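Hi everyone, thanks for coming. Let me put the structure up, and then we can walk through a few places in it together.

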Amino acid sequence: MRKIDLNIGKGYPIYIGKDLLKNANKYFNLNRKVLVVTDDNIPSNYSDTVCHNSKEAIKAVIPNGEESKSMSTLEMLLYKMQENKFTRGDCVVALGGGVVGDLSGFCASVYMRGVDFYNIPTTLLSMVDSSVGGKTAVNFAGLKNTVGTFYQPKGVLCDISTLKTLPERQLNCGFAEIIKMSMTNDSDLFTLIENKSKKELLDDIENVIFRSVIIKKSVVEEDEKELGLRRVLNFGHTVGHAIEQTSNYYHGECVALGMLPMCGKAVKDRLIPVLKKISLPFEYKNVSGDLSDLIIHDKKSAGDKIHIILCPEIGCFEDKLVDIKEIEALIKECIEK
């Protein structure tokens with residue numbers, strides 16, 4: 001088991017290892033009333049284990065999928081807390097992927113102006129990305145993550161044993177985020193991913209997750225509220241979020257496609273074989289529709305310009321403010337290839 005201490009606000013621990021879930025009360029203060037939020041795609045024995053570790057647990061099971069990241073689902077959770085007489089001394093535990101984590105964290109941040117929140121990510125993507133750094137949100141008016149808060153958890157528990165029940169496609173999505181972070185911040189990690197088979201990477205997954213979280217830790221500690229450096233974590237997301245709203249691709253798959261327009265040729269030549277190996281999309285054949293309007297409404301926009309993250313070479317990045325025409329040209333180049 002490995003532990004990373006994230007130094008934001010009062011700070012909090014991130015635990016990474018095998019079979020941690022069965023001793024959740026060893027890592028979190030669950031000796032109180034606990035709202036355990038999960039979705040109907042997560043094995044019920046995971047949430048049952050957390051409930052058994054809690055003094056008084058109330059479970060809320062939401063439908064799997066992005067549609068649950070909504071104001072109506074948020075309202076349901078708040079009603080459940082109020083009906084069960086939750087106080088400011090109680091807490092919320094998220095058990096699932098990014099949708100469950102973002103929604104539960106937002107719920108915890110607004111109930112009685114904030115109750116304790118713990119995150120137990122069960123997908124590779126959420127372990128290395130959304131569970132770390134304190135972003136919470138719901139989607140609103142057809143756009144992703146437009147209503148939310150920065151609200152740090154009290155702790156994060158990454159039990160890699162839960163990855164055994166994760167569908168292959170979801171596992172691949174997690175690798176997309178790992179690739180993303182290595183490309184902009186850790187050339188050695190990218191080389192490791194480049195040189196190992198997928199099976200070897202899975203055998204070494206605790207180390208891969210640890211190194212990925214270390215990258216995110218270094219970024220969010222310096223820029224908690226995305227005023228500058230933290231924008232690097234959006235590499236692949238400006239175009240990726242737009243693709244996500246117009247296709248049947250999963251989030252990580254959209255990030256994979258979203259990285260391609262933001263790379264120089266030499267970088268792209270190294271990236272595409274890695275995407276192929278992980279079974280992530282690497283061509284724009286199934287991307288259709290006008291992405292421009294969705295990109296313009298991206299949270300990283302500044303007036304009529306948008307911040308994009310470019311990767312001129314592996315291990316470094318460039319934060320550039322561009323207009324939509326420049327992004328359209330980059331996308332067109334990928335489509336034509």
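So, over the face of which residue does Arg2 lie? That residue is Phe210, and Arg2 is 5.0 Å from the ring centre. For a charge to count as sitting over a ring, NZ of Lys or CZ of Arg has to be within 6 Å of the ring centre and within 35 degrees of the ring normal. Lys33 gives us another case, with its charged end over the ring of Phe86, 5.8 Å from the centre.

Before we go further, some housekeeping. This is a predicted model, in which local features need pLDDT of at least 70 and side-chain atom pairs count only at pLDDT 80 or more, while totals for chains, interfaces and linings use all residues. Residues are numbered from 1 along each chain as its sequence is written, and side-chain values use heavy atoms, with hydrogens and water left out.

Now to the rings. How many aromatic pairs does the structure hold? There are 2. The rule here takes rings of Phe, Tyr and Trp (for Trp, its six-membered ring) and pairs them if their centres lie within 6.5 Å; planes under 30 degrees apart are stacked, over 60 edge-to-face, and the rest tilted.

Take Tyr15 and Tyr27: the ring centres are 4.7 Å apart and the planes stand at 50°, so this pair is tilted. Tyr15 belongs to strand 2 (residues 12-17) and Tyr27 to helix 1 (residues 24-27), so the pair ties together parts 12 residues apart in sequence. When I say helix or strand, I mean DSSP runs numbered from the N terminus: H or I of at least four residues for helices, E of at least two for strands. Are these tyrosines buried or exposed? Tyr15 is buried at 12% relative accessible area, and Tyr27 is buried too, at 16%. Buried here means under 20% relative accessible area, exposed means over 50%, and partly exposed is in between, with a 1.4 Å probe and protein chains only.

Then there is Phe28 with Tyr118, a stacked pair with 4.4 Å from centre to centre and 15° between the planes. Phe28 sits in the loop between helix 1 and strand 3 (33-39), and Tyr118 in strand 6 (residues 116-121), so this pair ties together parts that are 90 residues apart in sequence. Phe28 is buried at 4% relative accessibility, and Tyr118 is buried at 6%.

Let's move on to the cavities. On a 1 Å grid over the protein atoms alone, a cavity is a set of points where a 1.4 Å probe fits but cannot get out, and lining residues have an atom within 4 Å of a point. Grid points are joined across faces, edges and corners, and the volume is the space filled by probe spheres set on the points. With that rule we get 2 cavities of 30 Å³ or more.

Which elements each supply at least two residues of its lining? They are helix 4, strand 6 and strand 7 (135-140). Among the lining residues are Gly101, Asp102, Phe117, Asn119, Lys135 and Tyr151. By class, the lining has 4 nonpolar, 6 polar and 2 charged residues. In this scheme Ala, Val, Leu, Ile, Met, Phe, Trp, Tyr, Cys and Pro are nonpolar, Asp, Glu, Lys and Arg are charged, and the others, Gly among them, are polar.

Gly101 itself is in helix 4 (residues 98-110) and is buried, at 7% relative accessible area. Leaving aside neighbours within four places in sequence, Gly101 contacts Ala94, Phe117 and Asn119, where contact means heavy atoms within 4.5 Å.

Next, some backbone angles. Most residues other than glycine have a negative phi. Lys85, however, has a positive phi, near 55°. Lys85 is in the loop between helix 3 (71-83) and strand 5 (91-96), and is exposed at 63%. Ala141 also has a positive phi near 55°; this residue is in the loop between strand 7 and strand 8 (143-150) and is exposed at 66%.

Last stop: Ala176, in helix 6 (residues 168-185). Ala176 is buried, with a relative accessible area of 0%. Not counting residues up to four places away in sequence, Ala176 touches Gly252, Met259 and Leu280. Ala176 and Leu257 are 81 residues apart in sequence and 9.5 Å apart in space, C-alpha to C-alpha.

Notes. On a 1 Å grid over the protein atoms alone, a cavity is a set of points where a 1.4 Å probe fits but cannot get out, and a pocket is an open set with protein on both sides within 12 Å along at least five of seven lines; lining residues have an atom within 4 Å of a point.
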